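Please read the points with the structure open.

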Amino acid sequence: MAGSNRTVVSEFLLLGLSDVPENQPLLFSLFLSMYLVAVVGNLLIILAIGSTSHLHTPMYFFIANLSWVDICFTSVTIPKMLLNIQTLSQSISYTGCLTQMYFLILFLELDNVLLAVMAYDRFVAICHPLHYTITMSPKFCISLLSLALIITNIYPLIHTLLMDTLSFCASVRIHHIFCELYALLNLSCSSIHDNELVVYILGSFIFVAPFLFISISYMHIFSAILRLHSSQSKLKAFSTCSSHLVVVSLFYGTLFGVYLRPSSSYTSEDSVATVLYAVVAPMLNPFIYSLRNKDMKGALRSLLSWRKIWPW
């Protein structure tokens, strides 16, 4: 590579949220706790749905898959961060960093697409209830999930291949807890025009299109709910969407705050915002879907009754 300040990169340094040694035990305990809550909570959701026959419906099928994605999402980042804190190391290999970035984008996309599919499920259930069983057949649901898995692999693959063509400056310090796309682009000495083009064109389509689809679906859903004559029917219909709406608001509120702007404006402070969608949101999702859902509460009680540890 040309230039005296450029070198072949074999590893990056993940600086995390703080470089103060006294803060590391606290950060380790905090993120370990959040990771365990996220994994155990989402795993319980999957087991509860799988072991309860009357929850074998399209809505719960997609909730179970969302929980699986959330487990994978947090497992891509948090264990490596905890290992670095425990070993007093900040390094991650070049290959490991690009691999981590690939799976981060992949699971982020899957979250995004699954939320859109779940909105469509609620749209059919409320706006076309008589056609729900036929429309949301098991074969159709599996086809939707399979299509989502295929499509969501394209975007991270393109970014990973483009990232591998960049050269990086002597500084390999990433002010983040994981190999985040914008953080890596800001370290490059090469032109990142193609990378940003992919973010603006493909990224806008992949992330904004599902959000618009969710918004349009809920416009029709709310319109259908308002046409119901019974207040009890309105409340019941809205309650089936409330958990999904909370998860959507949490997910997109943090996601758009970070990524709907040029990579050049990305700062180390944004790493805190990315922690919200990468760690906090997957941790809260099981509570959101269980606390507001009587069927889920019942399934979890049945699953955990042999241990007598259900707190409700």
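Which hand does the link of Cys97 and Cys179 have about the S-S bond? The link is left-handed, with -120° about that bond. The model is a predicted one, and a search of the whole structure finds 1 disulfide.

**The disulfide**
- Cys97 and Cys179 are joined with an S to S distance of 2.0 Å.
- This pair ties together distant parts of the chain, 82 residues apart.
- Cys97 sits in helix α3 (residues 94-127), whereas Cys179 lies in the loop between β3 (173-174) and α7 (181-185).
- Cys97 and Cys179 are both buried.

- Cys127 takes part in no disulfide; its nearest cysteine sulfur belongs to Cys241, 8.8 Å away.
- A disulfide needs sulfur atoms within 2.5 Å.
- Cys127 has a relative accessible area of 22%, so it counts as partly exposed.
- Cys241 is likewise in no disulfide, and the cysteine sulfur nearest to it is that of Cys127.
- Cys241 is at 0% relative accessibility and therefore counts as buried.

**Helix α11**
- Helix α11 spans residues 294-304, and its buried residues include Met296, Ala299, Leu300, Leu303 and Leu304.
- Viewed down the axis of α11, the buried residues fall within an arc of 120°, so they line one face of the helix.
- Lys294 and Ser302, on the other side of α11, are exposed.

Definitions and conventions
Residues numbered from 1 in each chain as written. Predicted model: local features only at pLDDT ≥ 70, side-chain atom pairs only at ≥ 80, totals over all residues. Heavy atoms only, no water. Helix = DSSP H or I, 4+ residues; strand = E, 2+ residues; numbered from the N terminus. Buried < 20%, exposed > 50% of the residue type's maximum accessible area, 1.4 Å probe, protein only. Arc of directions from axis to C-beta.
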